[in-house]
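Please read the points below with the model open beside you.

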Amino acid sequence: MRDLVREVTGTDRQRFAIIETNYFGGAGDQNAVAFDGEERLTPDGASINQALAALGVRATAPMDEFEVIGLTGFRHNPEYLDVYVELCEELGL
């Protein structure tokens, strides 16, 4: 994982966001936090788009940051939790 991060970003510091959504029928809520290594980049209560923007994702009209990176195609993510757990273990979190 670190080799990929270094290749893409030029640094060993892993930049990532932890995002949570809970929607049903168009109503719901979301929370997100972005990190650069161990440094937190977003305040409490940040939106997903704020976290993505903190990581360098730029909205391109008419799409917001969420749409730009293709997150609209994901409705469930249990299989991604394993990757998250591995990343946390690698970072010692």
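Which residues does D36 touch, not counting residues up to four places away in sequence?

1. **Contacts of D36.** D36 touches R13, Q14, R15 and L41, not counting residues up to four places away in sequence. Contact here means heavy atoms within 4.5 Å. D36 lies in strand β2. D36 and F16 are 20 residues apart in sequence, with 6.7 Å between their C-alpha atoms.

2. **Basis of the values.** This is a predicted model, so local features need pLDDT of at least 70 and side-chain atom pairs count only at pLDDT 80 or more, while totals for chains, interfaces and linings use all residues. Residues are numbered from 1 along each chain as its sequence is written, and side-chain values use heavy atoms, with hydrogens and water left out.

3. **Overall layout.** The chain holds four helices and three strands. These are DSSP runs numbered from the N terminus: helices are H or I with at least four residues, strands are E with at least two. From the N terminus on, the order is α-β-β-β-α-α-α. Of the 93 residues, 20% count as buried. Buried means under 20% relative accessible area, exposed means over 50%, and partly exposed lies in between (1.4 Å probe, protein chains only).

4. **Surface and contact range.** The chain exposes about 6700 Å², and carbon and sulfur atoms supply 52% of that area. Accessible areas come from the Shrake-Rupley method with a 1.4 Å probe; for residues, only the protein chains shown count as cover. Among contacts with a separation of 6 or more, 23% are between residues 24 or more positions apart.

5. **Salt bridge D36–R15.** The count comes to two salt bridges. The rule asks for a side-chain nitrogen of Lys or Arg within 4 Å of a carboxyl oxygen of Asp or Glu. D36 pairs with R15, the closest N and O atoms being 3.3 Å apart. This pair links distant parts of the chain: D36 is in strand β2 and R15 in strand β1 (residues 15–24), 21 residues apart. D36 counts as buried at 15% relative accessibility. R15 counts as partly exposed at 35%.

6. **Salt bridge R40–D44.** R40 and D44 meet through their side chains at 2.9 Å, N to O. R40 is partly exposed at 41% relative accessibility. D44 is exposed, at 66%.

7. **E65, a charge to check.** Side chains of opposite charge can pair when their charged atoms come close. E65 is buried yet has no salt bridge. The nearest side chain of opposite charge is R58, 5.7 Å away. For charges, Lys and Arg count as positive and Asp and Glu as negative; His and the chain ends are not counted. E65 sits in helix α3 (residues 65–68). Leaving aside neighbours within four places in sequence, E65 is in contact with N49, L52, A53, V57, R58 and A59.

8. **R58.** R58 belongs to the loop between α2 and α3. R58 counts as exposed, at 53% relative accessibility. Beyond neighbours within four places in sequence, R58 is in contact with A53, E65 and V68.

9. **Cis peptide.** Most peptide bonds are trans. The bond from A61 to P62 is cis, with omega near 5°. P62 is in the loop between α2 and α3.

10. **Nonpolar core.** Which residues form the largest nonpolar core? Its seven residues are A32, A34, I48, A51, L52, V57 and L71. α2 gives the most, with three residues. A core is a set of buried Ala, Val, Leu, Ile, Met, Phe, Trp, Tyr and Cys residues joined through side-chain atoms within 4.5 Å. A51 is in contact with A17, A32, V33, A34 and T42, leaving aside neighbours within four places in sequence.

11. **Nonpolar surface patch.** M63, V68 and I69 form a nonpolar patch on the surface, with about 230 Å² of accessible area together. Patch members have over 30% relative accessible area and no salt bridge; like charges are joined within 9 Å, nonpolar side chains (Val, Leu, Ile, Met, Phe, Trp, Tyr) within 5 Å. V68 is in helix α3. V68 is partly exposed, with a relative accessible area of 33%.
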